[in-house]
Amino acid sequence: MVSGRGDIGFEGGKTLFVHGALAAGLLAALTLAQTPAAAYAAETPAGATIANTAHVSYRDGTATVSSASNPVTTSVAELIDFSVRYLRVVRLSARSEALAFRLANLGNSRRAFALSVEGAAASRCKIYLDPTGRETFEPANVTLYDPARPPELDPGASIQVWTVCEGDGSAVGQVDLKAWPVSKPGDGQAAWARQTSVASGEVSQPSAVAASLAKSQSVTDRKGRARAVAGSTITYTLAASIQGRGVAQAVTVSDPIPAGATYVAGSLRLDGQALTDQSGDDAGELAGGAVSVRLGDVVAPAQRVVTFQVVINP
Amino acid sequence: MKTLLSGLFLGAACAVLPLAAHAGLKTEVFVETSVVGADGVARTTRAPAARAVPGDQILYVLTFRNEAAKPAEGVTITNPVPQGLTFAGSGDEAAPLVSVDGRTFGPLDRLTVRKADGSSAPAAAGDVTQIRWTLPQAVPAGGEASFTFRATLK
């Protein structure tokens with residue numbers, strides 16, 4: 001009996017963005033579908049005047065007397081209020097993820113808001129503004145946040161904000177988006193509901209990706225029977241399973257041609273698609289007495305199937 | 001409804017009130033703030049409401065003073081709820097009648113509003129557009145009656 005053992009490897013240390021916040025993101029997306037983006041209650045605008053006048057009427061024995069009271073006015077001062085909410089996570093590539101947030105002006109005056117990413121990952125994150133509010137990150141829809149030109153929001157208005165964080169091979173974990181109002185003259189007269197608002201999303205926890213390889217074989221002799229004799233063809237099936245959550249990077253499946261057998265030229269396949277035996281032209285090659293197929297970065301969970309054939313030597 | 005049918009205080013009040021300046025009805029406005037003291041008890045303080053921000057509770061105090069020489073009968077005070085405010089009830093013992101359409105007045109729990117789909121629903125405080133008090137008794141010459149209502153700045 002001819003036997004062989006395949007190998008599967010990936011760069012375990014250089015993983016991985018894991019959807020730790022996937023469930024929360026899904027919830028947020030569902031919630032979003034139910035509430036329109038601009039569903040914040042409109043406050044009475046700063047600078048408005050609330051005037052009240054009451055009226056009285058009575059009889060003084062003969063005539064009816066009617067009169068109005070003095071008017072009293074109350075001017076509406078500025079209320080500074082705002083919020084940042086985490087919405088969802090979107091994978092952009094094996095090494096980067098975009099987290100969507102919503103920044104809302106809950107106050108009663110037009111305001112500019114400054115933004116920053118806090119936490120360990122801050123230096124690897126960029127902030128983008130997305131007025132379209134789409135659920136996916138589209139480079140054509142977003143503009144890079146410029147601290148010199150922070151977004152201005154009308155009362156009750158909101159804008160979608162993305163943080164895009166690149167992995168550096170280590171866990172990034174929590175990403176905090178912080179927002180605060182850009183100060184302007186007269187702020188001392190305003191009522192502050194809060195000074196800052198922070199929302200947290202999660203990217204790239206340490207990988208929970210595991211890879212396994214299941215090898216099976218079927219044998220056919222020259223007469224079509226399942227007998228392993230000289231001249232029989234063995235078809236090996238290598239089923240690579242990437243389990244868990246995250247991305248297994250640079251995954252390679254390799255299997256040496258067993259002793260006593262000869263590789264059948266051109267028999268290498270990945271998920272049913274033929275690969276050449278040469279190096280450099282596609283994912284597969286026959287080199288050093290072994291077949292090997294580079295699967296690249298694989299998003300878990302996934303299964304890839306490599307097959308090849310050998311003929312048992314006389 | 002706090003009705004001060006007291007001619008006794010006439011002398012003192014006259015010194016403060018410019019007679020006939022407002023033809024008998026005076027309005028004052030305050031912002032009410034609840035502050036929890038060191039003893040853990042919340043106390044409401046009032047300050048004149050020259051300025052307010054959304055969410056503030058505003059208290060209006062209306063004072064009718066009969067400046068005529070005869071009793072005032074059938075005194076009716078009407079106050080439209082100003083734009084930007086939501087009626088938040090009256091502090092008076094006898095609650096005023098309210099209206100959601102400016103025509104029909106009644107207790108709030110008896111009023112209904114018509115919804116967009118044509119059906120009617122119980123009126124809420126936010127639907128109130130007018131507030132009205134009617135005194136069952138006459139206010140004697142020199143007497144006073146005061147009325148209050150609260151509203152929240154939207």
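User: What pattern does chain B follow when read along the sequence?

Analyst: In this predicted model, chain B reads β-α-β-β-β-β-β-β-β-β-β-β-β. Its secondary structure comes to one helix and 12 strands.

User: What makes strand 2 and strand 3 of chain B antiparallel partners?

Analyst: Pairing needs at least two bridges between the strands. Strand 2 and strand 3 of chain B are joined by seven bridges and run antiparallel, so they count as a pair. One of the bridges sets B:Val36 against B:Ala42 in strand 3. The hairpin that these strands form has five residues between them, and B:Gly40 there takes a positive phi near 80 degrees.

User: Why is strand 3 of chain B said to lie largely in the open?

Analyst: A residue is buried if 20 or more other C-beta atoms lie within 10 Å of its own. Strand 3 of chain B covers residues 42–48, and of its seven residues the number buried is zero, so the strand lies largely in the open. For chain B as a whole, buried residues make up 31% of the 154 residues.

User: How do you know which residues are at the centre of contacts in the largest nonpolar core?

Analyst: A core is a set of buried nonpolar residues joined through C-beta atoms within 7 Å. The largest has 42 residues, and those with the most contacts inside it are B:Ile58, B:Phe64, B:Val75 and B:Ile77. Strand 12 of chain B, residues 144–153, gives the largest share of this core, five residues. Leaving out residues up to four places away in sequence, B:Ile77 touches A:Ala54 and A:Val56 in chain A, and B:Leu62, B:Phe64, B:Arg132, B:Trp133 and B:Phe147 in chain B. A second, separate core has 26 residues, including A:Ala98, A:Leu103, A:Ala104 and A:Trp162.

User: What makes up the contact between the chains?

Analyst: Chain B gives 33 residues and chain A gives 26 residues. On the side of chain B that touches chain A, strand 2 (25–36), strand 4 (51–52), strand 5 (57–65) and strand 6 (73–80) each supply at least two residues. The largest share of that side, seven residues, comes from strand 6 of chain B. By type, the residues of that side are 19 nonpolar, eight polar and six charged.

User: Why are strand 7 and strand 11 of chain A said to stand at the edges?

Analyst: Five strands of chain A form an open sheet in the order 7-8-13-10-11, with antiparallel pairing. Strand 7 (82–91) and strand 11 (143–144) each have a single partner strand, so one side of each is left without a neighbour in the sheet. Strand 11 of chain A pairs with strand 10 (residues 125–130) over two bridges, in the antiparallel sense. There A:Leu129 stands opposite A:Thr143.

User: Why is A:Asp271 called exposed?

Analyst: A:Asp271 has 11, so it is exposed. A:Asp271 lies in the loop between strand 20 (269–270) and strand 21 (273–274) of chain A. A:Asp271 also has a positive phi of about 50 degrees although it is not a glycine. Most residues other than glycine have a negative phi.

User: Where in chain A is confidence lowest, and where is it highest?

Analyst: Confidence is lowest in helix 1 of chain A (residues 22–34), at a mean pLDDT of 28, and highest in strand 11 of chain A, at 96. The pLDDT is below 50 over residues 10–39 of chain A, a stretch with 56 contacts beyond near neighbours in sequence. Chain A averages 79, and 80% of its residues score at least 70. In chain B the mean is 82, with 85% of residues at 70 or more, but pLDDT stays under 50 over residues 1–22. For the complex, the predictor gives an ipTM of 0.77 and a pTM of 0.59.

Methods. Residues numbered from 1 in each chain as written. Chains lettered and ligands numbered in written order. Predicted model: local features only at pLDDT ≥ 70, side-chain atom pairs only at ≥ 80, totals over all residues. Helix = DSSP H or I, 4+ residues; strand = E, 2+ residues; numbered from the N terminus. Contact = placed C-beta atoms within 7 Å. Nonpolar A, V, L, I, M, F, W, Y, C, P; charged D, E, K, R; others polar. Buried ≥ 20, exposed ≤ 12 C-beta atoms within 10 Å, placed from the backbone. pLDDT = per-residue confidence, 0-100.
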